[in-house]
Amino acid sequence: EAPLVIDRPLRSGQQVYARGRDLIVMSMVNPGAEVIADGHIHVYAPLRGRAIAGARGNTEARILSLCPEAELISIAGVYRTSEVPLPPEVLSRPTQVRLVGGSEGKLVMDAIA
């Protein structure tokens, strides 16, 4: 199925769910907004809200953002909140988040060159 594409900013309190597919967001995800996808999430703008990929347990899902500053990121139920700062090499820089080790694993963040 084709990805769901959102081309407007998402404000606090707004939620978008891409059921059974990927989600592409072309504008900012503000604090308090939530983007959820059963597949991958791509955010081509600052990601400051919550991003939940692999919502139905897809451990292969990834989150990609040009400027990650998220309150929460989650893949297949494994999550990380903003209480643990992002590593300086990925904060506000193009980044890929993936899950290593399956549903019992950990989130790994890599800068996108």
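This is a predicted model: local features need pLDDT of at least 70, side-chain atom pairs count only at pLDDT 80 or more; totals for chains, interfaces and linings use all residues.
Residues are numbered from 1 along each chain as its sequence is written, and side-chain values use heavy atoms, with hydrogens and water left out.

**View 1. Asp 38 sits in a loop between two strands.** The loop runs between strand E4 (34–37) and strand E5 (41–47); strands here are DSSP runs of at least two residues, marked E and numbered from the N terminus. Asp 38 is buried, with a relative accessible area of 10% (buried means under 20%, using a 1.4 Å probe and protein chains only). Its side chain makes a polar contact with the side chain of Tyr 17 at 2.7 Å, and also reaches the backbone nitrogen of Gly 20 at 2.5 Å. A polar contact is a pair of N or O atoms within 3.5 Å; within protein, one must be able to donate a hydrogen and the other to accept it, and residues adjacent in sequence count only if both atoms are side-chain atoms.

**View 2. Six strands make an open sheet.** Follow the order E1-E3-E5-E7-E10-E11, with mixed pairing. Strand E1 (4–6) and strand E11 (106–111) stand at the edges with a single partner strand each, so one side of each has no neighbour in the sheet. E1 and strand E3 (residues 23–25) pair in the parallel sense over three bridges; two strands pair if DSSP finds at least two bridges between them. Look for Val 5, opposite Ile 24 in E3.

**View 3. Strand E8 (residues 72–75) is covered on both faces.** Leu 72 and Ser 74 are buried on one side, and Ile 73 and Ile 75 on the other. Four bridges join E8 to strand E6 (residues 50–53), running parallel, and Ile 52 has Ser 74 as its bridge partner. Another four bridges join E8 to strand E9 (residues 78–81), this time antiparallel. E8 and E9 form a hairpin with two residues between them, and Ala 76 in the turn has a positive phi of about 50°.

**View 4. The largest nonpolar core has 29 residues.** Such a core is a set of buried Ala, Val, Leu, Ile, Met, Phe, Trp, Tyr and Cys residues joined through side-chain atoms within 4.5 Å. Those with the most contacts inside this core include Leu 23, Val 35 and Ile 63. The largest share, three residues, comes from E5.

Key: Buried means under 20% relative accessible area, exposed over 50%, partly exposed in between (1.4 Å probe, protein chains only).
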